[in-house]
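Have a look at the sequence and the 3D picture first.

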Amino acid sequence: MATNLSIDPELLKEALKIGGFSTKKDTVNQALKEFVQRRKQQEVIELFGNFPCDEDYDYKQGRK
């Protein structure tokens, strides 16, 4: 899907350099993947402490 975007040229130049990508397309696609990944991780982090723990669970038993 072709899309026209107005992207900060200095920011894109820095991302190309840091990421080591050869094309703008690869740079933007990787940046979008990392953005989505980070947001999904944040959703999981926000769930910590929201579920009741299982008092009968023996984590040491799982190591055997």
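## The largest pocket

Which residues line the largest pocket? They are Met 1, Ala 2, Thr 3, Asn 4, Leu 5, Ile 7, Leu 12, Lys 24, Lys 25, Val 28, Asn 29 and Leu 32. A pocket here is an open set of points on a 1 Å grid over the protein atoms alone, with protein on both sides within 12 Å along at least five of seven lines, and lining residues have an atom within 4 Å of a point.

About 280 Å³ of space lies in this pocket, where a volume is the space filled by probe spheres set on the grid points, joined across faces, edges and corners. Helix H2 gives the most to the lining, with 5 residues. Helices are DSSP runs (H or I, at least four residues), numbered from the N terminus. By class, the lining has 7 nonpolar, 3 polar and 2 charged residues.

## Where the model comes from

This is a predicted model: local features need pLDDT of at least 70, side-chain atom pairs count only at pLDDT 80 or more, and totals for chains, interfaces and linings use all residues. Residues are numbered from 1 along each chain as its sequence is written, and side-chain values use heavy atoms, with hydrogens and water left out.

## The second largest pocket

Next comes a pocket with a volume of about 170 Å³. Its lining includes Leu 5, Ile 7, Asp 8, Leu 11 and Ala 15. Helix H1 (9–19) and H2 are the elements that give two or more residues to this lining, and the largest share, 4 residues, comes from H2. Sorted by class, you get 8 nonpolar, 1 polar and 1 charged residues.

## Along helix H2

Now hop over to Glu 43, which also lies in helix H2. Is Glu 43 buried or exposed? Glu 43 counts as exposed because its relative accessible area is 52%, and the cut-offs are under 20% for buried and over 50% for exposed, with partly exposed in between (1.4 Å probe, protein chains only). The C-alpha atoms of Glu 43 and Lys 25 are separated by 27 Å.

How values were computed:
1 Å grid on protein atoms, 1.4 Å probe; cavity = no way out; pocket = protein on both sides within 12 Å on 5 of 7 lines; lining within 4 Å. Nonpolar A, V, L, I, M, F, W, Y, C, P; charged D, E, K, R; others polar.
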